[in-house]
Amino acid sequence: MSTPNSGNLLHNLLLFGRLLRSLGMDVNPGSMIDLVDALQFVEIGRRSDFYFTARSLLVHRYEDLLLFDRAFALFWQHPHRKSAPFGVGERPFPTPTPPNQQTNKPTNQYTNTPIYQIHATRTYSQREILRHKDFSELTADEAQTVRRFMAELAWELGQRRTRRHKMGGNGNHLDLRRTFRHTLRTGGELLKWPRRTPKFKPRPLIILADISGSMEPYTRLLLQFIYSLAAGLTQNVAAFVFSTHLTHITRQLRSRELDRALADISRQVTDWSGGTRIGAALKTFNYDWGRRVLGRGAVVLLISDGWDRGDPDLLRREIGRLHRSCHRLIWLNPLLGSPRYQPLTRGMQAALPHIDDFLPVHNLASLEDLATHLAGFVVRGKRPFRPKPTGAAFVKKS
Amino acid sequence: MHFETIDQLQAALQTQNYVADRGLATAVYLALKLQRPLFLEGEPGVGKTEVAKVLADLLHTNLIRLQCYEGLDVNHAVYEWNYTRQMLHIRLLESRGQQAQDVELFGPDFLLERPLLQAIRHRETAVPVLLIDELDRSDDEFEAFLLELLSDFQITIPEIGTIKATRPPIVILTSNRTREIHDALKRRCLYHWIEYPTFEKEVAIVHAKLPHAPAQLAQEVTAFIQELRHVDLYKLPGIAETLDWTKALVALDQQALTLETVYDTLGVILKYQDDIALVQDATAKNILDRIKRK
């Protein structure tokens, strides 16, 4: 930093800011001005002071710290080892959608604009057949149709009474401010007693999906299901996938296009179709994420077939902890769709006492049932309740 | 009190028995210089709240503290009208045959100042330190309200008007990250993540806070806690736990760690049954052996 030509500093700072922005960090011109301002007060000859100053002004997310460190080390390195600041960090640069999709689209040869095609809806009976067909048996074409139906499902999740109040209604809390206002109008006589009622907010939803080998036939459609769920709900949704270890995929789900989201997820996840260690994955979730995402009466959806190769005691302990720290734990099992299925695997046996609802998720009809079931949690005005853990969780078969 | 350099501030913090590393000292220094709020995040018990307390002591000024919780509203955080006094005032005037005027009823005499308003309307020469503690416990509505306060240091009361701070208070916000705080709020602040301290720094903290603790005990307790932070625990012990444990062992007249006292006092540092069971198993003995060998 102690270059004699200090006129370059501003230029370099702005370049650095641009680099950070291109890495996906939230750096705006305002924060760059602040940084230039701040540098008057610190001894910029001292590398660490310069570093901490820049860091405290430009970073405001823990996740970005590592990215910033790498970019800083690379950008502000000694001029003799100069190299272009490319390939920093792990965040992928935005890539356009694959070209083959665009070339396949029919285009109007005169105006060179794509001709929009309207999908013909299948007949009623076809839809009925699809509704009940197992996800693992769908052809590619049918899967496409199911995807569209999935996006049409309306999702609603229970609401939670918050500690905040709003004006109106006839709640238990007196609105002193308005009471006093009314009193003024009547010359000091208390005639009206306006009240305040509690505010309700939708519960956060946490999704934990198994993507191990045994779940493979379902994985793709289930990810689409998770995507449409996250897109269709207004509240906070956090999603994770696991087979041998847990991966956080909430950021990827925010993408506006399904294909892009799926591509991002497949790049992020390294253990597709691996073995299943549900207990270990839940432990990672409980230890690293539970305290951050399970607050405010969250509902947890756990999607797995229960084929667990890990330690059943660990699974029992961790699912117990998860159960105690959420509002409702729902296990979705694709195998439950088969009439012969019995939850006899060691993993399922260990988990059953800690599950609030045990539901199938193997075809469209089961998803529709799930939507109805979730919407049924909308109990306004009542305190959350949980049925006694009897060991025989609520089992519903379609 | 003014600090010309970061070194000076770091040394001054040390005199208040607060051991701050270079990064934290830089962040605090900049918060003072740029008059920007400082947003501190970190695991529980690493001394986030302490920064504000020490800073207030150092600058010989008031510490105004607002503990956040869900549903915290304007009436508890900013201001409230003293309804009882207002009612009595109306009655009093009535008995004299007079009518109360809005202007006097909603004047400063009947205004109850809550922490945020106190911080904006301070009358002392020294600018107060405003600590907004555990912001992650509050809800979105309160966060949104803070936006106006933190960017312009002003508060609007409908009956009185907008009150603007003549000199903005020093604002420290802390969060344990039980949920993510909105970016809009963080953008208005300087951000610093407080790490668990290194062994040397933690020993220095124990010595600074508990000068009477035997040197060997302090070393061993710190080493033990440092090792524990690498064990797969549900809740890792912070510096607060190191200090509590040392205090407890001093109260028990211990000069050094023994396996027996470790077992007896595990409840001071670990607060989950699973963690205690895990450490009691063999971990405690292994760690203790390793420490003693050094």
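Axes are lines fitted to C-alpha atoms, for helices over the stretch in contact, and the angles between their N-to-C directions run from 0 to 180 degrees. Helices (H or I, at least four residues) and strands (E, at least two) are DSSP runs, numbered from the N terminus.

This is a predicted model, in which local features need pLDDT of at least 70 and side-chain atom pairs count only at pLDDT 80 or more, while totals for chains, interfaces and linings use all residues. Residues are numbered from 1 along each chain as its sequence is written, chains are lettered from A and ligands numbered from 1 in the order in which they are written, and side-chain values use heavy atoms, with hydrogens and water left out.

**First stop: α9 and α11 of chain A**

Please select residues 216-232 (helix α9) and residues 258-268 (helix α11) of chain A, which pack at an angle of about 120 degrees with their axes 11 Å apart. The two helices α9(A) and α11(A) are therefore oblique to each other; angles under 35 degrees count as roughly parallel, over 145 as roughly antiparallel, 65 to 115 as roughly perpendicular and the rest as oblique. The crossing of α9(A) and α11(A) is right-handed. A crossing has this hand if the near helix is turned clockwise from the far one by less than a right angle, and is left-handed if anticlockwise.

Next, show the side chains. From α9(A), R220(A), L223(A), Q224(A) and Y227(A) meet L258(A), D259(A), A261(A) and L262(A) of α11(A), where contact means heavy atoms within 4.5 Å. This contact of α9(A) with α11(A) has five nonpolar, one polar and two charged residues. Here Ala, Val, Leu, Ile, Met, Phe, Trp, Tyr, Cys and Pro count as nonpolar, Asp, Glu, Lys and Arg as charged, and the others, Gly among them, as polar.

**Second stop: α12 and α13 of chain A**

Select residues 278-293 (α12) and 312-325 (α13) of chain A, whose axes come within 8 Å and cross at roughly 35 degrees. The crossing of α12(A) and α13(A) is left-handed. Their contact includes L282(A) and F285(A) of α12(A), and L315(A) and I319(A) of α13(A). By class, the contact of α12(A) with α13(A) holds nine nonpolar, two polar and three charged residues.

Move to chain B and select residues 215-228 (α11) and 239-251 (α12), which pack at an angle of about 140 degrees with axes 10 Å apart. That makes α11(B) oblique to α12(B). Among the residues in contact are F224(B) of α11(B) and W245(B) of α12(B). The contact of α11(B) with α12(B) divides into seven nonpolar, three polar and no charged residues.

**Last stop: between the chains**

Display both chains. The contact takes 54 residues from chain B and 47 residues from chain A. About 4500 Å² is buried between chain B and chain A, of which carbon and sulfur atoms give 49%; buried area is the accessible area (1.4 Å probe) that two parts lose on being put together, summed over both. In chain B, E70(B), Y191(B) and Y234(B) lose the most area to chain A.

How many salt bridges (a side-chain nitrogen of Lys or Arg within 4 Å of a carboxyl oxygen of Asp or Glu) are found across the interface of chain B and chain A? There are 16. Select E70(B) and R160(A), a pair whose closest N and O atoms are 3.1 Å apart. E70(B) lies in the loop between β2 (63-67) and α4 (74-77) of chain B, and R160(A) in strand β1 (residues 159-167) of chain A. Finally, select E159(B) and R177(A), which form a salt bridge with the closest N and O atoms 2.8 Å apart.
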